[in-house]
Amino acid sequence: MRLVILVLCVIVLFSYADAYDPLDPNGNVTIKWDIVSWTADGYVADVTLYNFQVFRHIMNPGWTMGWTWAKKEVIWSMVGAQTTEQGDCSKFKGNIPHCCKKIPTVVDLLPGVPYNQQFQNCCKGGVVAAWGQDPSMAISSFQISVGQAGTSNKTVKLPKNFTLLAPGPGYTCGPAKVVPSTTFLTQDKRRKTQALMTWNVTCTYSQFLARKNPACCVSLSSFYNETITPCPSCACGCQNKKNCVKSDSKILSMVGVHTPKKDNEPLMQCTHHMCPIRVHWHVKQNYKDYWRVKIAITNFNYRMNYSLWTLAIQHPNLNNVTQVFSFDYKPILPYESINDTGMFFGMKYYNDLLMEAGPTGNVQSEVLLQKDKDTFTFKQGWAFPRKVYFNGDECMLPPPDSYPFLPNSAPIRLSAFPALILSLIFLLVL
């Protein structure tokens, strides 16, 4: 019995540890229900999804939300979203509900739907930006009319067992909790209205629940060492090794090869690391007061392009970023007294789209950093990042003992000898 209790405690501790991200300790997805009016047999609610995660997007094919009704509720109609199944509505005559399932599954509408089916912040195919990149695009909403439910604050029963796929697993949602009613401003901003009832659901992400292996890896190089430290072998697992495609394969010229599948099964380029994403960090140049780094992101998945992407990096010298040349940059301050983490993302209409694997499947930039003369050194791997996240998932770094090391002494340039001899002769003559 003691062993069973100990195992359960360990599982709980590890699950909470994985859901907590030290670079984004307060990141979560909050789903808010605002009842805006009562109907004859239920209510009309505005449901809003807020992605409060600093650097994790909800990517294509978008979010999928589900819950379990507490009673025998049905969905009469929806605006801005739809359920994937209607369910058995045979007992209804006349008006047929939009969905009669006990556990409905809701998805966002695609762009371009008729105007009368749209709702504010809807119809983006479920794609939601990270809050740290663009708060205005980190919201998704729809309106739902619920029947066979309570018609007052005392008779309404909150839905249970919320689930969120965004787009795959990884999110764990807590119970719905009644909170103070939301207030709304009218268009002229001269009057406030209030929701009749409001409840929130908070969902947190765990990379451990999302996948068994990392989704990206990091390789390293520097100007002072010819050695290139590659991604570790099988860094992202080698489960796709049998189905991978070589970069010169004729299969890639076939029509439809690059089309994503419904189950999001990747078509990977054959590599020793078998990662869909590789981030390369190259220490490019060393100046008196500055040093320059080149960052390159390469996509090895032939069926996936990233319309939104972020790169979060933890490095002690990011508190002295002087210039970023081809990416947008924002410092991340999870702990206000420490400024060692930053987020890079693509410039709009320039490189915010990371294409599928191939000649155009990469984006790159350079970063100029000012030296801190009291602490700056290239020794002991100081020039390389401590942590790297791509789209919110932590990438696998090479082992520290394989980093490009600083040579013990600078190589002697033979071409410099004639100049040195002439200088010595000139000094002797004087």
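A salt bridge is a side-chain nitrogen of Lys or Arg within 4 Å of a carboxyl oxygen of Asp or Glu. The model is predicted: local features need pLDDT of at least 70, side-chain atom pairs count only at pLDDT 80 or more, and totals for chains, interfaces and linings use all residues. Residues are numbered from 1 along each chain as its sequence is written, and side-chain values use heavy atoms, with hydrogens and water left out.

**View 1. Arg292 and Glu366 pair between two strands.**
The Arg292 and Glu366 side chains form a salt bridge at 2.9 Å, N to O. Arg292 sits in strand β17 (residues 290–299) and Glu366 in strand β22 (residues 362–370). The pair links distant parts of the chain, 74 residues apart. Helices (H or I, at least four residues) and strands (E, at least two) are DSSP runs, numbered from the N terminus. Salt bridges with shared partners join Lys284, Arg292 and Glu366 into one network. Are Arg292 and Glu366 buried or exposed? Arg292 counts as buried at 15% relative accessibility. Glu366 is buried too, at 17%. Buried means under 20% relative accessible area, exposed over 50%, and partly exposed in between (1.4 Å probe, protein chains only).

**View 2. Thr298 in strand β17.**
Thr298 lies in strand β17. Its relative accessible area is 17%, so Thr298 is buried. Leaving out residues up to four places away in sequence, Thr298 touches Pro276, Ile277, Arg278, Gly361 and Asn362. Contact here means heavy atoms within 4.5 Å.

**View 3. Arg211 and Asp393 join a loop to a strand.**
In the salt bridge of Arg211 with Asp393, the closest N and O atoms are 2.6 Å apart. Arg211 is in the loop between α2 (207–210) and β14 (216–222), and Asp393 is in strand β24 (residues 393–394). This pair also links distant parts of the chain, 182 residues apart. Arg211 is partly exposed, at 34% relative accessible area. Asp393 counts as buried, at 8%.

**View 4. Glu85 and Lys101 pair within one loop region.**
Side chains of opposite charge can pair when their charged atoms come close. Glu85 and Lys101 meet in a salt bridge of 3.9 Å, N to O. Both residues lie in the loop between β5 (81–83) and β6 (105–108), so the pair ties together parts 16 residues apart in sequence. Glu85 is partly exposed, with a relative accessible area of 48%. Lys101 counts as partly exposed at 28%. How many salt bridges does a search of the whole structure find? The search finds 6.

**View 5. A positive surface patch of lysines.**
Lys72, Lys91, Lys102 and Lys160 form a positive surface patch. Patches are made of residues with over 30% relative accessible area and no salt bridge: like charges are joined within 9 Å, nonpolar side chains (Val, Leu, Ile, Met, Phe, Trp, Tyr) within 5 Å. Lys and Arg count as positive and Asp and Glu as negative, while His and the chain ends are not counted. The place of a charge is NZ of Lys, CZ of Arg, CG of Asp or CD of Glu. Lys160 is found in strand β8 (residues 160–165). Lys160 is partly exposed, with a relative accessible area of 45%.

**View 6. Leu397 and its contacts.**
Leu397 is placed in the loop between β24 and α3 (417–429). Which residues does Leu397 contact, leaving aside neighbours within four places in sequence? They are Val218, Pro232, Pro385, Arg386, Lys387, Val388 and Tyr403. Leu397 and Pro232 are 165 residues apart in sequence, but 7.6 Å apart in space, C-alpha to C-alpha.

**View 7. Backbone exceptions.**
Most residues other than glycine have a negative phi, and most peptide bonds are trans. The bond from Asn60 to Pro61 is cis, with omega near 10°. Pro61 sits in the loop between β2 (43–51) and β3 (64–68). The bond from Ala166 to Pro167 is also cis, with omega near -15°. Pro167 is in the loop between β8 and β9 (171–173). Met274 has a positive phi, near 55°. Met274 is found in the loop between β15 (225–229) and β16 (277–286), and is buried at 3% relative accessible area. Asn391 has a positive phi near 50°. Asn391 lies in the loop between β23 (387–390) and β24, and is buried at 10%.

How values were computed:
Areas by Shrake-Rupley, 256 points an atom, 1.4 Å probe, with all protein chains shown as cover.
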